[in-house]
Amino acid sequence: MGLLQLLKSQVLCHLFICFVFLVSGIIVNMLQLCTLPLWLVNKQLFRRVNIRLAYCISSQMVAVLEWWSGTECTLYTDPKSYSHYGKENAIVVLNHNFEIDFMCGWTFCDRFGVLGSSKVLAKKELAYVPVIGWMWYFLEIVFCKRKWEEDRKTVAQSLQNLQDYPENFWFLLYCEGTRFTPKKHEISMQVAESKGLPKLKYHLLPRTKGFWVTVNNLRGKVAAVYDSTLNFRDNEAPTLHGVLNGKKYHADLYVRRIPLESIPEGEAECAAWLHKLYQEKDSFQEHYAQTGRFPGPITNPPRRPWALINWLFWCGLFFYHLVLLFVQLLSSGSMLTITASLAFCVAVSVGVRWMIGQTEIDRGSTYGNKGVPLNNN
Ligand SMILES: CCCCC/C=C\C/C=C\CCCCCCCC(=O)SCCNC(=O)CCNC(=O)[C@H](O)C(C)(C)COP(=O)(O)OP(=O)(O)OC[C@H]1O[C@@H](n2cnc3c(N)ncnc32)[C@H](O)[C@@H]1OP(=O)(O)O
Ligand SMILES: CCCCCCCCCCCCCCCCCC(=O)OC[C@@H](O)COP(=O)(O)O
């Protein structure tokens, strides 16, 4: 093991990275709060400012993935579609199998210059996660309770609000609605069978209502759906812990650009279209399993330096102040101050541990664990 790799595996380094993320994130959340009055005076300026503030937070996770762990992200797509990426609004449909799939998504957003403005249809529980969840309020992220009767109005309204959004954005939809587990897969395939739909091997059965409502409420604003299929080389199951430990993964992403006009408007037709899309996605995963690659040419967007610069800025700032604080603490000799500082460090570690837990599939929700009642006759 090299010296750098040894350094990356040190718990103290992980604690420092997490500390920087949490404290800088809370500072940015405070700044976001201060921008609220701007909403009343100049809504578009409020949005532009918040896109940049959000970038300071989300790009830290991109920097850790790209520069700390050195994870490589390869893009399979045709060059004609490539020329549109980052220059238009799009709905991204992505498979939901990996704990760090959202970080890979963010990496691609950054490479095409839409990271600050990127959006998602997220479960409501994530709105309460400090830093990221709080940041999302100011980005007008669309939250759902995953209960259609309650979501149908609120989701449509939040999507309508994006009609006059001033900068290009990608809107991410995990149509499976939850992360893949063998149990959820088995249950969703029972649902597929009861609906007379072909079985999927690598995906859960997609929930179609969110897709239908998104496509129809963003019509006229969004140019295309980017059908995106992600996998990792060597059958790896990447984790945030692995990334913090400096483990290098290799992500492969296959993207097809589908013009929005080609997607049917009616609910039933749109649902059938999405089911067909997931059958195609399944065949791409099968191709990957057989050959170790996705179909089509590789056109790799380069890493950009901004995420690294932002991260180094915050790390430098906190490192300087932490050293100063440490020296002052030792020279003060006050047991009370030392104990209070230790308690603060423990609180930060516990908070971050809980946040990391949100990314872990084993600690995931039970959503999708129940299907339609089986007919045992
Ligand atoms: C490549 C570049 C990437 C770019 C990245 C861009 C941006 C990045 C930005 C941010 C990154 C951050 C990432 C954060 C991650 C957070 C993501 C989440 O929180 S995912 C969870 C929330 N999202 C969703 O759930 C979206 C999908 N869901 C839906 O669309 C749902 O329809 C819904 C709108 C949420 C409503 O939920 P509900 O449960 O009420 O669903 P339905 O009404 O659809 O369900 C009933 C329907 O489903 C059938 N059914 C029953 N059981 C199952 C089952 N187990 N599996 C499948 N289907 C099931 C049931 O028979 C009903 O069928 P029908 O509709 O025919 O009546
Ligand atoms: C700079 C690096 C610092 C790293 C350390 C800091 C920890 C940061 C943790 C950030 C937490 C981010 C929240 C986004 C999480 C996205 C997780 C996710 O994918 O959600 C799952 C849902 O889709 C479905 O949920 P389930 O039904 O599967 O349950």
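How far apart do the end C-alpha atoms of residues 126-144 lie, and what percentage of the span is helix and strand? The ends of residues 126-144 are 10 Å apart, and the span is 37% helix and 16% strand. Helices (H or I, at least four residues) and strands (E, at least two) are DSSP runs, numbered from the N terminus.

This is a predicted model, in which local features need pLDDT of at least 70 and side-chain atom pairs count only at pLDDT 80 or more, while totals for chains, interfaces and linings use all residues. Residues are numbered from 1 along each chain as its sequence is written, and chains are lettered from A and ligands numbered from 1 in the order in which they are written.

The span 126-144 belongs to a set that UniProt, in an unreviewed entry, labels "transmembrane region": residues 12-40, 126-144, 311-330 and 336-356. Such annotations may be inferred rather than shown by experiment, and their positions follow the numbering used here, with feature names shortened. For residues 12-40, the end C-alpha atoms lie 44 Å apart, and the span is 97% helix and 0% strand.

The chain is assigned domain 1 (3-306) and domain 2 (323-362), with bounds from an automatic or database domain assignment. Their C-alpha centres are 31 Å apart. Across the boundary, 10 residues of domain 1 are in contact with 10 residues of domain 2, contact meaning C-beta atoms, placed from the backbone, within 7 Å. Helix H2 (residues 11-34) gives the largest share of the domain 1 side, 4 residues.

H2 also packs against helix H4 (residues 43-68), at an angle of about 170° and with the axes 9 Å apart. H2 is therefore roughly antiparallel to H4, a term for angles over 145 degrees. Axes are lines fitted to C-alpha atoms, for helices over the stretch in contact, and angles run from 0 to 180 degrees between N-to-C directions. Among the residues that meet are Phe 21 and Leu 31 of H2 and Leu 53 and Ile 57 of H4.

Ligand 1 is surrounded by 39 residues, the closest being Gly 105, Trp 148, Gly 177, Lys 209 and Gly 210. A residue counts as near when its C-beta atom, placed from the backbone, lies within 6 Å. Elements that each supply at least two shell residues include strand E2 (90-94), helix H8 (148-161) and helix H10 (209-217). The largest share, 5 residues, comes from H6.

Key:
Two residues are in contact if their C-beta atoms, placed from the backbone, lie within 7 Å. Angles under 35 degrees count as roughly parallel, over 145 as roughly antiparallel, 65 to 115 as roughly perpendicular and the rest as oblique.
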